[in-house]
Amino acid sequence: SINESGRYIAEEIPRQVGIRAGSVIQGYVKGGHDANDVIPLSSSKKSKKGFITLGQLAKEHNINLNNDTLVMEKKARYCTRLVKLDTKNYGLPQTRNRKYLFIWRSDDPNDDLGDYFQEIMKHLETPLLYSMDAFLLPPTHDRIRCFREALRSGPGLMVARERSKELDFFDWELSQVKDLPLHLVFREKNGVAERSRYLTGWDTRGRKLVAPGFWTELVDMWNHRRCDMIDCFGAAAIRDAISRDPLHHSFTWDISQNVTRAPFRSATVGVSGCVTPGGELVLPHKGRTAMGYEKLLLQGIPFSRLLLGPESEVQLSDLAGNAMSVPVVCATLLAAICAPQLRRERENGKSLSLTKFALHQKYDGANGAVLAERGDLYDIERDTTSAASLEAMLADIASDLASDAFYSSVLCTCESSGRTTNNPTLLECQGCGMCVCHECSGRLRTSSHDLKEIDMEGDRPDPHIFERKLRCAVPSMLRLGEGWEDKIDDAKGLEAYSFQLQQVDRNKGHWCLTYGAWEDHGSARQVAEIRITIGRIGTLDRNVGIAAYIRCYAPAIRTKDPLRGTLLDSARLFIKITNKKTPTWELREGSTTTSNLQVVGSDPGPSQRVLVGLNDEAYKSLKAHKPMKAFIPKIKSRNNLTAYHSKWKTWPGTIVISGDSRVDGTYQRLSCEHTIAHSALWRRDSTSPMYIYFRPDVVRSGLDTAVISSTPCYRDRNQEICELEDWIPENALTDATHKTNAKFLTWESVSPSLQVEIPVPKMTMASSEPSSFHETVSVGDSDASPILCEMNGLSDGIMQSLLQYTSEDGTSDIAEIDLVGRHGTANSKRLSILAAPSLLKYAAERKLSLELSKWYRLPSSSGFGRCAVNVPPRPIEKWRKLEGRKVKVERWYDAQESKEYYQVSCVYGLAHAISLYKLIMSP
């Protein structure tokens, strides 16, 4: 329209046009001209009053709507820059592309501040150092354990019962599921048989035969579409020219999408797809879905710092899917703040480079090397007279606890999250070593395995009782003896560090104790670890015992040419009950020996691709496909990495190896499926069996490696004998590729004088009388918190590390340690490193005045648990009137009161549990 002054006013505007109604048109800029060269616009006296169209305005003033730009009058002018950012470029293993709009006020349309913003964002990009697997919770985490218990509970069984009533997904006339054509097209295009169900084995009426490793209780929650989608993706992963076994390689599958929409492999290895609200990410190599906590970690959100309440897994997943990646948001804020100053510095003639700006630390000059002066035992004289030998202690422990360690370890998939099966019958495959209880054997695909019952003497030991015995038997602190730094190059400086017991894990076939060494009294990097496993040293090893390993982190944490990939152990020690020899350490030799072997195969049998259900269409489509050069893996191989081998349908049933007496012999293929990578396992039967299998590259950054080992499990990495370079089973069936190079892995025995010491602990524990703590809590009259135990003898360095983030001014005799606030994560970590090992050992020895696993009856007069501090009252229910509605009143709560209630009720329980004991620390 035209106002009284003859100016044009924007009145009716389409939704897709970003102009505010009522704006006054200032003029227009000719295409290709300077943005400040605005030609004013005003109506002529002959112009009609009222509404005119944009086309009429352009015709009257000769405006080209395709090239020219209309300019509106405004009180302030803003410039914008749209930047596309990906989360994986800022240190998180997630592909999440989002566009960020940088807006700043400027009267100059050609303002270049956006260039400086984008330059800083480019500078802040961080290389991805850790794959997605590093962000996943361990199977024994409380969140995973509770989730599995919920699946096994009444509501979970009810859902499984309803799923079993589902109509056949592949019967279109019966089920009428619209996703069926998509699944059929996917199978046809990828050359997968229509009824191939290699991973889930789903069928009608709830019948499923799941691949070992999957949670059977979770698969029962999935409908036919989800199960078939997993089978489609699993077959597609094996179909690739570089075949990947989804049960042993890292994949992330979003089964909430359609089968033709969701990718079955990510473009970047080790990186997950985009976390979305309502997304259900399946991790086939873990046998489960991604937890809500894990999705928060993939967004860079530390869940331990969130004041979470009783949120469900669905709510946490939606929270993570709707959130923005924290490192990306922080980078954009920092770039927006620093961009104006960077431009001012450049305009002043300074040749400013962003590479000069970095956070500097005290020890940057060492290039990340491990320094002895940062160890907690630096300048502390070694007490060789009173220190005990770890090797001698482990020999005694092996004879007492090794058998119970195996029987109380994880012997079925259903036990991997802390549970112990109620079925007394345990079965073990004589070929691959898979263990399963009798209850689960009917729900897993075990027909290809040679299962026999595990002979167990007496009742099975209780894992909780055994863990207490183990903590009582082992020391809480270790130290490397003299001479280690001279023997191992990567161990420089480690003799000045103590190794504190950090974890006691119940694993498959054994228990594992992990000792860690940390810089600056637990406040900096971890530099090394000592792992001690008790139970079976290797899979299918009939002789139980103890194995110890030393791993140095120096190659991976140095700043110059850091090692990327798998970090191997530097030393090992084996102690078997049947071997009465004095145990000595073995060091990994830096140089390996190579040998030429003749690997000849015969008796062809079906390959894994055939077992999965791939047909000739998969072979033809890959053969006809011409991949772009950018997507061809940069790996040298004698085998074609973009198409199948000519004998891809068959693998040798018998392999004869000659050329080196250490591995010579005849190897027969075993029928075991799913439990080993690619279902490929050959065994040489003799007094000392040998196995051929593939060690998978889990993150799919390289080729899988064929290995000859004394055990059938690739997780027994230190039991391997040699690696077959660039070998696949089809090579054994072709005359031209019978000759194969083998790289032998050797260990060197050292003198028995090279030992690991058990130093005399300087810290001492003290507890009150057996009944005093219970009586103090029962009475509840004291204003001070009751003291459960005291820890004395802490060094000045430990005290400074623990109290680094306290808010005390130093005038008080007691300093409170924040465990749930701003610095709660850092303080909890340091307490777990420095104080928890001694405290847990003290509790395992039953020296505390209160048993942590026992319930105590409190007198009703104490009022414990009924005060406003322990149990805060709910917000007051209020009602208010509504005007103009049928329902005239509604119930409401004060927002601030509700927030305080949930924060106090959810957080105080954790804080009270952590601060149940009060550490009175004195140097």
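Helices (H or I, at least four residues) and strands (E, at least two) are DSSP runs, numbered from the N terminus. The model described here is predicted, so to speak of local features takes a pLDDT of at least 70, side-chain atom pairs count only at pLDDT 80 or more, and totals for chains, interfaces and linings use all residues. Residues are numbered from 1 along each chain as its sequence is written, and side-chain values use heavy atoms, with hydrogens and water left out.

Take the surface first. Tyr78 sits in strand S4.

Now for the inside. A residue is buried under 20% relative accessible area, exposed over 50%, and partly exposed in between (1.4 Å probe, protein chains only). A nonpolar core is a set of buried Ala, Val, Leu, Ile, Met, Phe, Trp, Tyr and Cys residues joined through side-chain atoms within 4.5 Å. The largest such core has 134 residues, and Trp484, Ile532 and Ile534 have the most contacts inside it. Contact here means heavy atoms within 4.5 Å. Leaving out residues up to four places away in sequence, Ile534 touches a list of residues including Ile397, Leu401, Leu470, Trp511 and Ile546. There is also a second, separate core of 21 residues, with Val599, Ile655, Ile657 and Phe744 among them.

Val71 is another buried residue, at 9% relative accessibility, and its place is in strand S3 (residues 69–72). Setting aside neighbours within four places in sequence, Val71 is in contact with Ile25, Gln26, Gly27, Tyr28, Val29, Val38 and Arg77. Between Val71 and Pro40 there are 9.0 Å in space, C-alpha to C-alpha, while the two are 31 residues apart in sequence.

Helix H3 (residues 142–152) has Arg143, Ile144, Phe147, Arg148 and Leu151 as its buried residues. These cover an arc of only 130° around the axis, so they are on the same side of H3. The arc is that of the directions from the helix axis to the C-beta atoms. The buried residues of H3 pack against helix H4 (154–163), helix H7 (216–219), strand S8 (288–289), helix H9 (292–298) and helix H10 (313–322). In helix H22 (residues 836–844), the buried residues include Pro837, Leu839 and Tyr842.

On to the charges. Side chains of opposite charge can pair when their charged atoms come close. A salt bridge is a side-chain nitrogen of Lys or Arg within 4 Å of a carboxyl oxygen of Asp or Glu, and the structure holds 49 of them. In one, Glu119 pairs with Arg346, with the closest N and O atoms 2.8 Å apart. This pair links distant parts of the chain, with Glu119 in helix H2 (residues 113–123) and Arg346 in helix H11 (residues 326–347), 227 residues apart. Glu119 is partly exposed, at 29% relative accessible area, and Arg346 is partly exposed too, at 26%.

Arg382 and Glu482 also meet in a salt bridge (3.8 Å, N to O). Arg382 is in the loop between H11 and strand S9 (388–389) and Glu482 in the loop between strand S13 (477–480) and helix H15 (484–487), so the pair ties together parts that are 100 residues apart in sequence. Arg382 is buried at 15% relative accessibility, whereas Glu482 is exposed at 56%. Further along, Arg695, Arg717, Glu720, Glu723 and Lys743 are linked in a network of salt bridges.

Last comes the backbone. Most residues other than glycine have a negative phi. Asp603, not a glycine, has a positive phi of about 50°; Asp603 lies in strand S20 (residues 593–606) and is exposed, at 51% relative accessible area. Asp726 has a positive phi near 55° and lies in the loop between strand S26 (720–724) and strand S27 (739–744). Just after H22, Arg846 takes a positive phi of about 60°.
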